[in-house]
Amino acid sequence: MPEYGALIFSGAVIALIGFGLSLPFSFKNLGKGSLWISLLLGLGCYFLIPVIQPSLQNWALNLFPSDASLIFKNITLALLSGVLQELIKFLFILPFKFPSFKALLSVGAMLGMGFGLGESFYILYSIRNLTYSMPAFVFFLDRASSLLLHISLGFILAYGLKRNRTLIVLPAAMLLHSGFAFLSLLHTDKKLSLWATVLTALGASLALLLFSVFLFLKDQREASVRLKKAGSGN
């Protein structure tokens, strides 16, 4: 059984990775209390997942006949994971639209980061109980990929909320998350090797983060242009 010191060290490394990955969205607003509140909310709301998701997935699986195709079962599991997790994130981001509208995008990314940290700490707890096995280096790559995904999707949910495009962006985030969950299920069913799964997820989540950073910088430029126009108008 891993010693507590190793688990604390691993948790600290994961937290540093998360903060580093979230900096493109948060560094200008680190002094805002709403960012740290959203981080804590994201961390806390993840722990609804181990309570709700297994029961929901088991209920759905029981609806399938005994000879149902494994791929349809995995698609169902992945969709339930994506829908549930992104809906919970969205519901916790939504209240921030009104008091902290200017920092909403940073709040979304930070809440996503907190959610990803919650997931990582839960997995570390599983490691302590010998229910999760992965080489250390691969584990950190896997956690980096997960943090990239949650930060990006948290940002994207906030972006859709800010632009009043929730009806488009929320289902898109759910489908993206479901795709990553399906990839993990392929590894669980030994359809993909561990390295293929982790590297594919890492590459895809990095591309998603870069796209999110592009949208964030675009939003910042547009806000700057509006401020200059307002200033010149005065």
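The second largest pocket holds about 360 Å³ of space, a volume being the space filled by probe spheres set on grid points that are joined across faces, edges and corners. This is a predicted model, where local features need pLDDT of at least 70, side-chain atom pairs count only at pLDDT 80 or more, and totals for chains, interfaces and linings use all residues. Residues are numbered from 1 along each chain as its sequence is written, and side-chain values use heavy atoms, with hydrogens and water left out.

A pocket here is an open set of points on a 1 Å grid over the protein atoms alone, where a 1.4 Å probe fits, with protein on both sides within 12 Å along at least five of seven lines; lining residues have an atom within 4 Å of a point. For the second largest pocket, 15 residues make up the lining, and Lys102, Lys162, Asp219, Gln220 and Ala223 sit nearest its centre. The biggest share, seven residues, comes from α8; α5 (104–128) and α8 (194–233) each give at least two. Helices are DSSP runs (H or I, at least four residues) numbered from the N terminus. By class, the lining has six nonpolar, four polar and five charged residues, with Ala, Val, Leu, Ile, Met, Phe, Trp, Tyr, Cys and Pro counted as nonpolar, Asp, Glu, Lys and Arg as charged, and the others, Gly among them, as polar.

On to helix packing. Helix α4 (residues 70–93) and helix α6 (residues 136–162) have axes that come within 10 Å and cross at roughly 55°, which makes α4 oblique to α6. Axes are lines fitted to C-alpha atoms over the stretch in contact, with angles from 0 to 180 degrees between N-to-C directions; under 35 degrees is roughly parallel, over 145 roughly antiparallel, 65 to 115 roughly perpendicular, and the rest oblique. On the α4 side, Gln85, Glu86, Lys89, Phe90 and Ile93 make the contact (heavy atoms within 4.5 Å). Those residues meet His150, Leu153, Gly154, Leu157, Ala158 and Leu161 of α6.

Helix α7 (residues 166–188) packs against α4 at about 135°, the axes being 7 Å apart, so this pair is oblique too. Their contact takes in 15 nonpolar, seven polar and two charged residues.

With α6, α7 packs at about 165° and an axis distance of 8 Å, so α6 is roughly antiparallel to α7. Here the contact has 10 nonpolar and four polar residues, and no charged ones. Among the residues in contact are Leu149 and His150 of α6, and Thr166 and Phe180 of α7.
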